[in-house]
Amino acid sequence: MTAAATPGTPGVLHLPGEDGTLRPYRPRPAAAPGAGTGAVSGAAAPETGAPLVSRIVFSAAHVVADPFADTTPDGPAAVDWDATLAFRRHLWAHGLGVAEAMDTAQRGMGLDWAGAAELIRRSAAEARATGGRIACGVGTDQLAPAGAGLDRVRHAYQEQLEVVETAGAQAIVMASRALCAAARGPEDYHELYGGLLRQAAEPVILHWLGPMFDPALAGYWGSEDLDRATETFLGIIADHPDKVDGVKISLLDAQREIDLRRRLPRGVRCYTGDDFHYPELIAGDEQGFSHALLGIFDPLGPLAAQAVRVLDTGDVKGFREILDPTVELSRHLFRAPTRFYKTGVVFLAWLAGHQSHFTMVGGLQSARSLPHLVRAYRLADGLGLFPDPELAAHRMTQLLAVHGVTQP
């Protein structure tokens, strides 16, 4: 990296394009003390602490690996608990809720059930201590993805539900690979989910995660046909509306989500999990809107909270002006294979200074290419997501050097 022209201003970086050619890039300068950062020129600095009013907003949060653990990609996850909990305090400080132990935390992709259970207990205790909102994933990942019968699937869900409820957190009932493999048709989903909802002490969030996030979930709710699957899903909710707080839809299909939310029973919320169309879905229309439970709000946390506070005033246009420019970054991070979006999320957390290293549980830091990460950096820098652009630029030079790219 060349010398900074002025204190706090990063020098020019030479970044490789997809063809390998180095091109100069001048990072965004650091904001002057007291000046705002963000997608809107002159916007006030994101507030912290004040609750969001018009929408319930959860950020699905990543875990920070312990970089000094002597482990392997297929070994137990080694988590840096201090850094992991510190990141959750960062999200709570901006008024966001934390969706814990979800796929963003690498459930089923590096974080096993033992690690997830510990994460739930620690994060729920931290939420109580700080007054933060938390909801935690309930799944069946203590089982092999296939080969477990319905009884074992039921018992696995019950075990995890007990852990979450004992921790004092709201439950998010996640889609189950084992159930998808064991179910013979829609009736098995009705029977199993019905029993679980009757057992739940408090209303839960039901999570429909599409196969673009996890290929093992193709055909969930008993059909590859999404229209038939939707009818099964809505039927389960209609049978137990008092036990369903809301539904999280992660199908990356905005119109399907809109159609589904219009059919939900009164009082049942829709939480968008659509990382491609979230501004329009949260803004809503004359017939309703979606709340949010999004992995992209891990790197976008302060900016997302700022946008929702604008929406709280009734200013839909201002909300969209802040959040619409972030969609290009989100679509890039969540591009196919979508399940590897966690790599970009953790990469940006490292550049932003939320953790001291770019290491992930399961070795997943290797799941995206250098050109992919370079573009993520440029898009995030353009949005003003880095509190210290000079630090982010310095860490980019470190990453580039590891890949054999030296600065002129």
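This is a predicted model: local features need pLDDT of at least 70, side-chain atom pairs count only at pLDDT 80 or more; totals for chains, interfaces and linings use all residues.

Colleague: How many cavities of 30 Å³ or more does the search find?

Modeller: On a 1 Å grid over the protein atoms alone, a cavity is a set of points where a 1.4 Å probe fits but cannot get out, whereas a pocket is an open set with protein on both sides within 12 Å along at least five of seven lines; lining residues have an atom within 4 Å of a point. Grid points are joined across faces, edges and corners, and a volume is the space filled by probe spheres set on the points. Here the search of the whole structure finds one cavity of that size, and the largest cavity holds about 80 Å³. Its lining has 15 residues, of which Asp103, Thr104, Lys248, Gly295 and Tyr341 are the closest to its centre. Strands β8 (244-250) and β10 (291-294) each give two or more residues to this lining (helices, H or I of at least four residues, and strands, E of at least two, are DSSP runs numbered from the N terminus).

Colleague: Which residues lie nearest the centre of the second largest pocket?

Modeller: They are Arg107, Gly108, Asp141, Arg177 and Asp214, among 25 lining residues. This pocket holds about 400 Å³.

Colleague: Is helix α7 mostly covered or uncovered?

Modeller: Burial is read from relative accessible area: buried is under 20%, exposed over 50%, and partly exposed in between, with a 1.4 Å probe and protein chains only. Helix α7 (residues 254-261) is mostly covered, with six of its eight residues buried. These are Ala254, Arg256, Glu257, Ile258, Leu260 and Arg261. Their cover includes β7 (204-209), α6 (226-239), β8, β9 (269-272) and α8 (278-283).

Colleague: Where does Ser290 lie, and what does its side chain join?

Modeller: Ser290 sits in the loop between α8 and β10 and counts as buried because its relative accessibility is 0%. Its side chain makes a polar contact of 2.7 Å with that of Glu257 (a pair of N or O atoms within 3.5 Å; within protein, one must be able to donate a hydrogen and the other to accept it, and residues adjacent in sequence count only if both atoms are side-chain atoms).

Colleague: Which residues have the most contacts inside the largest nonpolar core?

Modeller: In soluble globular proteins, nonpolar side chains tend to be buried together. A nonpolar core is a set of buried Ala, Val, Leu, Ile, Met, Phe, Trp, Tyr and Cys residues joined through side-chain atoms within 4.5 Å. The largest core has 125 residues, and Phe297, Phe347 and Tyr377 have the most contacts inside it. Apart from this core lies another of eleven residues, including Ala99, Met102, Ile172 and Tyr271.

Colleague: Which residues are joined by a cis peptide bond?

Modeller: Ala336 and Pro337 are, with omega of about -10°. Pro337 lies in the loop between α11 (327-333) and α12 (341-351). Another backbone detail is the positive phi of Ala101, about 55°, although Ala101 is not a glycine. Ala101 is buried, with a relative accessible area of 0%.

How values were computed
Residues are numbered from 1 along each chain as its sequence is written. Side-chain values use heavy atoms; hydrogens and water are left out. Contact means heavy atoms within 4.5 Å.
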